[in-house]
Amino acid sequence: MSTAAEHLHHDEHHDHKPSGIKRWLYTTNHKDIGTLYLWFAFIMFLIGGAMAMVIRAELFQPGLQLVDPNFFNQMTTVHGLIMVFGAVMPAFTGLANWMVPLMIGAPDMALPRMNNWSFWILPFAFLILLSSLFLEGGGPNFGWTFYAPLSTTYSNDSTALFVFSVHIMGISSIMGAINVIVTIFNMRAPGMTWMKMPLFVWTWLITAFLLIAVMPVLAGAVTMVLTDKFFGTSFFDAAGGGDPVLFQHIFWFFGHPEVYIMILPAFGIISQIVPTFSRKPLFGYASMVYATASIALLSFIVWAHHMFTTGMPVAAELFFMFATMLISVPTGVKVFNWVATMWRGAITFEIPMLFSLAFIVLFTIGGFSGLMLAITPVDFQYHDTYFVVAHFHYVLVTGAVFSIMAAVYYWLPKWCGKMYDLGLAKWHFWCSLISVNVLFFPMHFVGLAGMPRRIPDYALQFADFNKWISIGGFAFGLSQLIFLALLIKACRKQGEAATDRVWEGAEGLEWEIPSPAPYHTFETPPVVK
Amino acid sequence: MAQNPPNNGRLVIKLVAVVLGMFGFGFALVPLYDVFCDVTGINGKTNPFAATYEVQDIDTSRTITVEFITRTNTGMPWEFAARTRQVQVHPGELKTVEFTVHNPTAKNIVGQAIPSVSPGTAALYLNKTECFCFNQQPLLAGESAVMPMQFYVDPQLPADIEIFTLSYTFYDVTETSSTVAMNRG
C-alpha cells in the first residue's frame, strides 16, 4: 500500500522545487496555492481598504470637498466588490487550500492543476476591474449590487469590464469549490469518517456546495445585464416588457447565500480555535454540523428580505420576515456552543483566542442588528441607511475578517515554523478592536437617525458622528499596516521557532506534522482512530 | 491526472452538471417570475393583449373608483396627461377614458407606455379592450395626439377592493423600435 502511494506521487516526490517566479506560476502544491491566495487576499484587502479611506475622508465633513460624487460612487462600488470577491472569499479559499488537506490527511487537493488555474485567473479579474477605474467615464458606480437600471440604462461602457471580471471571479470560485468538494469526498485518510472531520472542513464543504449553487446564478445575472446594456435584450427593461424588480430577485437569490459563503468558514475557524485555548473538546460537535447545514438550506428562502421596500404583498413580506428570523435559531446554537465550550475551560488568551472572542461578541452584535432589519415594518425605516452599513460591517469585518485574522495567527506558526512577533500582534489586535468599534458602532446611530448610505454628503446633524467614524476608519486602516509588518517578519522566518504542536491544547492532524509544514505531507495517509 | 482515484472524474462531472444547471436556473427565473406574477397578480402587470367585451350583467350595487396616473421615464420629453383623473365604474360596465400626449421636441420619437396597477391583485380583474399601451406609439416632432383606453372591471373583483390606481409610464424606445413604426409616422 505504501509503495503504491509512493509510486502514485512519484512526479511530485522530489523535495526541491522550481525557484523564483516559476515556482509560483507553475505550482500545483496546495500549500503554495494557499499562500498565493492568502497574499492576494491581503493585497486586495489593502486596496479595498484604501478605497474605504477615500470614502471616509470625503465623509469626514459634510459637504463635497475631496472627490466628485461620481468618483465617490465608484469607490463605494469597487470597495464592496474587492472586499467581497477579492479579499474575504479568496482568503477563505486560501485557508481551505492550506488546511483542508492537512486536516483530513490528504497529500494535496484532488485536482491540483485546476487549483493552479483557479488561482491564477483571479489577478486578471481584478486587473480588469481596477483598470476600469482609469478609463474615460470611470469604472462601475452603481453599487456592488449593480441594480438594474443603474447598471443597464444609466451605466457607462466600462460595465462590460465589470461584467467580465465578475465572470472570471465566478469561474475561479466555482473551480475552487469543486476542488474542495472532490478533495473532501475522495481524499480523506482512512478512518476519517464524516462525523470525525474537523468543523473547519465541514463548514467549508457546505460553503463549497453553496458556491456551486449560487455563483452560476450571479454569472447569469451579470450576463443579463451585459445583454440588456449592449445587445438590446429587455430582461430588466420595463419598456421592453422586462422588470427591474426581477433583477433584485435574481441578484439576492445569489446574494443571500453569498453572505453565508462569507461567514460559514468563519464559524469553522472559531470552532477550531475556541476548543484549543479552552483546553476542552468542542461542545455539541454534531449540533454544530447540523446547524451549519440548516443555515445553508435556509439561506435559499430568505432572499427577499433585502427587498421589503419594493412593494411586495404583505403575505410575502411576512414569509420572508419569519424565514429570516428562523436563521437566528441555528446561529444561536453555534454561539451558545462556543460559550459552552469555554465554560469551565482552562482558558488562555493567545492572539487567535482574542480575535475569536472579539468575533463571538461583535458578530453577535451584527446578528442582532440583522434581526432588527428582518422586522419588515421597521426595515422601511432602516432600509438603505447607515444602519444597514453598520450591520453588514459588523458581520463581515468583525465577523469574517476577524476570523481570518484569528486563523492566520492560529496557523501561521505551522506555515512558517516561527512564532509571530507577540508585541506587534498585541498592538494589531487592540488597535483593531478599538478602532473598528469607533468606526462601525456610531453608524448604527446615524443610520437610525436617517443618514442614507452611498451618498457623498450628509445633513449637518450627522457631522460629529461622522467625524468619529472617519477617525475610527483611519485608525483601523493604519492598524492593518502593523499586521503587514508582522506577516513580512514571519515570512522572513524571523522569530522564535514554533513547536510541532504549537499550542498546548491543539488537536488535529495538522499539528502532527513538523513546523514549518514540509512541502509534501501525508504522502502515506495517516491512520485516524 | 493519473494519480487521482478513478472516481474523481465522475464526481467532477456531477458537480459541473450542478453548476450548468444552476446557470440555467438563473435564466429560468425570468419566465418563472412572469408566470408566478401572472398567477398571483402581485406585480400589477395588466394583460398586454386586448380583451373582448361580452355583454354581461352590470353589478350596479358596487361602484369602483379607478384613478389614473401618468408619468414619463427619465429622458422621455413627452408631455403626457390623463383627461380624466378618475372615473367611477360599476363592475361589468364598459368605460372609455382618454389621455393626451404631446411631443414638444424637434425630433420624431417612438414611445411605449407601460401600465401598472396598484393594488397588484386588481390587475387580474382589469380588462382592457383597447389601449394605446398595446403598441408602440410614434409622434412626429411637435405632434399631439389623443389616446383612448377602453376597459371594464371584472365583476369577480374581490370585495375589499373599492378603489385602484392605474399608472402609465411612457418610455422612449426610438432607438430600439422597428423602422415600420417610424415610417408610418
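1. Which residue of β9(B) does B:T72 stand opposite? The residue is B:F170. The two strands involved, β1 (residues 64-72) and β9 (residues 163-172) of chain B, run parallel and are joined over 8 bridges. Strands count as paired if DSSP finds at least two bridges between them; strands (E, at least two residues) and helices (H or I, at least four) are DSSP runs numbered from the N terminus.

2. This is a predicted model, in which local features need pLDDT of at least 70, side-chain atom pairs count only at pLDDT 80 or more, and totals for chains, interfaces and linings use all residues. Residues are numbered from 1 along each chain as its sequence is written, chains are lettered from A and ligands numbered from 1 in the order in which they are written, and side-chain values use heavy atoms, without hydrogens and water.

3. In chain B, an open sheet of 5 strands has the order β3-β1-β9-β5-β7, with mixed pairing. At its edges are β3 (86-89) and β7 (137-139), each pairing on one side only.

4. Two peptide bonds are worth checking. The bond from B:S118 to B:P119 is cis, with omega near -5°; B:P119 is in the loop between β5 (109-118) and β6 (126-131) of chain B. The bond from A:S515 to A:P516 is also cis, with omega near -10°, and A:P516 is in the segment after α17 (463-491) of chain A.

5. A:R344, not a glycine, has a positive phi near 60°. This residue is in the loop between α12 (314-342) and α13 (351-374) of chain A.
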